[in-house]
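Below is a short report on two regions of a protein model. Look at the strands as you read.

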Amino acid sequence: MMRSLEIVFPVSFALCFGAMSSIGVIGGASDQVAWAELTAIEEVESGPLFEMIEPEYSGIHFENLYDHPQRWTQLWHQYFLGTFGSGLSLGDVDGDGLPDIFAVGKDSPNALYLNRGDFRFEDVTAAKGLEGQEGIGAGSSMLDIDNDGDLDIYVTYTGFPNELYINDGEGNFVESSREWGLAIDTGSNAPSFADYDRDGDLDLYLQCNFLESSGIPEGMPDLLFENRDGTFVEVTEAAGISGAGQGHSAIWWDHDEDGWPDLYVANDFEPADKLYRNNQDGTFTNVINEAMVAAPYSAMGGDLGDFNNDGHVDFMVSEMATHDHVKHHRTIGSISTKLLWASTDTVSQYMKNMVTTKIGPNQFAEVSYMLGLDATDWTWATRFADFDNDGLLDAFFANGMARAFHDGDIGKTSTRAKTGWQRMAFFKNSPQYDEQNLAYRNLGDYVFEDVSEEWGLDLVGVSFASAYADFDQDGDLDMALSNMEGNLTLYRNNSQSGARLLVELEGVESNRYGVGAKLKLFAGDQVMAREIVLTRGYLSNDEPVAHFGLGEIEDLDRLEIQWPSGAFQVVEDLGVNRRYRIREEADGSKPKDDALTWFVRSEMQLPRETVSREDHFQMFPMQLLIPAVETRDGPELAVADVNGDGWTDVLLGGSTGQESRLFLNRGGLSLEWLDLDDFDDDFDSEDRSLEFFDYEGDGDLDLFVSSGGIELDAEDDFYEDRVYLNDGEGEFERLGRAFRPEPVASGASVAFDYDADGDLDLLVAGGSVKGMYPQYEDNLVWRRVEKGFELDEESSFAKAFRRSGNISELIAVDWSGDGKLDLAQAVLWGAPVLWESRSEGMERVEGAFEERGMLGVWRSVAAGDFDGDGRMDFALGNYGLNTKYKASEKEPVRFFAPDNPYMENTYIEAYVKDGRVLPMENRELHDIQFPGLMDKTSKNIAAFAEMDVEQIFTAELLSKYKVYDMTDTRSVLLLQRERGQFEKVVLPRWAQSGVAIDILAEDVDGDGDEDLVIAHEMHAPQHWAERFLRGHVSLLLNDGSGGFEALQPWKSGLEAYGYPRRLAWVDLDRDGKGELLVSMNEGPLLVFELR
């Protein structure tokens, strides 16, 4: 709804439009929305996407000097480990419609360059009153601090008073920091302005870092200032902002989408990052542990953006990790052991980039591995932007450092120094750590590809801030880049394709430039979200304009704007290839409704006993490099009508230290815990499978429970499997625990008539051998006899089954279609195994699929006719793609595991690259595993980084290990194309977003096709750090042909905060629709019902 008012163009807007081909308004005449056609794209016959504009042409001669005389002595810590970079701010300061550049010098003067058009700039620093003081420069921000319609400039310094330059409207400036209360003298880093209290003016979060003169070794505390009618008042403590740190970026981001700006603070070194939730009353609460899955250990730059076009803004934070094998081991790999001593009381920290995507109203997932953006070298500015105008946000990373301060060998050598100054001398004498900047094109569907060279953005050196503006008004994003000891780099974007749309805002009740506004653009079935944020990346301040690349889109449906004031506005009838200016108006519109979710949380009453606990089992140092966590696999979950009342009841397995728990279904309204003495007595058993079947033949369901895990000592009685007899009313009494000849760990189980004699036998998989992963105890076949069960050691099936693999899941299903039940087993570090029931008995099927390409760590299996051809297929859950492991048949992941007890608890993870077998983990960790060996085979870290596994560990040592290959990490379908012949089909990309702990096949949407539900666990980069990552649940809807659409909680409704484990489908309330049950490790049982 637009009011028809007389059009009024602000001076800057009129000038801007005057440079373009035409101007217009929406709806005939309105001063709320006006537009101008973008200038025509200048045709370029060939060359990269970005063209570097030489200083001789642009007129920008800004050499950013790093020559402070005390930088290697008294100020070394402040200079190199504190605020190291220098900032850039872009925006139109003189009202001519062309964005200008303000550059901060580290040890050289700051400079303002006015845009004179056609990528020619003029240095007007002195003429415009911006010469400023001599000091160690840091960051800056262009903002309209006085809400008068022009951009002012705030400049921060380290150890010198910050400066505020007020714009007179014509690009002339007066320094006024004292009058505004902003002459702050501290270890300033980046100024981050936002209207956090939504009163119409901009407030300031001043991120700080180390300041030598303060004498505070942990860094200076950050400061929060409230703008009170033109005077900035510090409210840090009162607002709940606390803690010192050495931060590098502070980015405003409405993470919970409540319309109030929250703040992500990226901290270097061990102090964890913070996510301050705006409490809407002037105070903040740090919720990073509750909201985020993980954070970097040494965070650098951060940025926000809707990279997957789901209408919700995601977040990315950079670290110093690299994909280069040698560099990794020499640098980050060599210092990763710091994680062993980092605090575990806050968000899980790892030495890698983190990309956090919002998957539901209250849930995030970390997906950097799946995107390929987990390691981008020593990154400062971390940026999302649509560089090629295809409608998808790409990524850019500005890289490099003065020296390789994370070099393990130099670090070790420097410990001989007696003072910090002396230690710095070792690094001073090493070369500058030049690195290549990186650009990644977003291909959609969570795939990015490196296009640094193709796009001309592969500059090598040390780069810091990366800021974007449309310098030539053609609708694409150009770039300015600050560098160490070099000229500012200016790039022209020569994008030749893709429609584009630019939107600048004019606040009325909100601040003048609409900082903090959230925009959603709808076009057909696509939606793109943007937030107007000033400080982004690292010391980077973009032109305050929202940019939308549109690709092939020609028709736009609507633009929704949520203003910082809370006003909501909808603009329709937008055209492509235009620049719009939209004035704030609360027009009475409502946001476009999100589609209803498939599931909602059930209102069934659940007792507190449905909460599962997990005792902490310390992996370090005993199982330092084991590539799996076997102590957190539960709780198991089973459903059955145990008391014969017609209502399905629920059983949750126990972990070591918590008993199994049975819940009786009371009329579909509640679950009631039944406290059973014999369950209580078995509190220390780790339940690994729950199997209801009629053991006695009396018509009710009894219970078999296998016991496993690795927490207990060898031959502990609590490893014994158990049978509980049902009295018919749901009261269970233990018959006995002795199933195996001796108490050892068991795993999966299934009640199954393998010998076709009409009664149910029992197959019980062996659990992992403690200290020998993935070695396993024998898989056993128990034949039903008159008085119970006896161990089958003679049948060909029992002999073949005994060593058929470390079984994670075992199901009985007639996959061959002959009316008799067969078997399928998911296997750890191997290929899945199929068994067919034949006249001679159960036989292992060979050649049903290409096994070499199916070597994986298969965690789950489900069966169903997924392609509707009448034949049974399988869905198999693997590690997925959101993992450090990258595997193929040609270049597998290779795992060396102990083959005899003398080598227990020692493991070697490796991968094949260009024909070489290379170690994954660092020299220091292997030195702990093999004392003295590293010094014998590699003289230092640099030598280790160049060596292959056999050179490092010797052929003699490796001969004592068993070798396992993983050739695929993806979760897949095995579609039975003809009887007994299966084709591997990879599940959708989102289905690869975590380890598929469990898979459930069920017709969720009632269309006759079996859909899938997957419980995902996020794969931690280093299990030895013992920082576990929360998972999520995905719904995959089947199109009937075996093609699946993967839905996140936004559409599925399956928000599962924590660690989802087992899935079950049952009609608890007997309404004819099923309920989905999800067991949670260290969390409550979740019950979801269909709408």
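How many residues lie between E17 and E18 in the hairpin that they form? The hairpin has 6 residues between E17 and E18. In the turn, Phe269 has a positive phi of about 65 degrees. The model is predicted.

Strand E17 covers residues 262-267 and is mostly covered, with 6 of its 6 residues buried. Both of its faces are covered.

E17 pairs with strand E16, residues 247-253, in the antiparallel sense. Within this pairing, Ser249 of the model stands opposite Ala266 in E17. E17 also runs antiparallel to strand E18, residues 274-278. Here the bridge partner of Val265 is Lys274 in E18.

**An open sheet**

Another part of the model to look at is an open sheet of 4 strands, in the order E69-E70-E71-E72, with antiparallel pairing. Its edge strands are E69 (995-1002) and E72 (1044-1047), and each of them pairs on one side only. On average, neighbouring strands of this sheet are turned by 25 degrees against each other, direction ignored. Strand E71, residues 1032-1038, runs antiparallel to E72. Asn1038 has Phe1044 in E72 as its bridge partner.

| Strand pair | Sense | Bridges |
|---|---|---|
| E16 and E17 | antiparallel | 6 bridges |
| E17 and E18 | antiparallel | 3 bridges |
| E71 and E72 | antiparallel | 4 bridges |

Terms used
Residues numbered from 1 in each chain as written. Predicted model: local features only at pLDDT ≥ 70, side-chain atom pairs only at ≥ 80, totals over all residues. Heavy atoms only, no water. Pairing = 2+ DSSP bridges. Helix = DSSP H or I, 4+ residues; strand = E, 2+ residues; numbered from the N terminus. Axes fitted to C-alpha atoms, helices over the stretch in contact; angles between N-to-C directions. Buried < 20%, exposed > 50% of the residue type's maximum accessible area, 1.4 Å probe, protein only.
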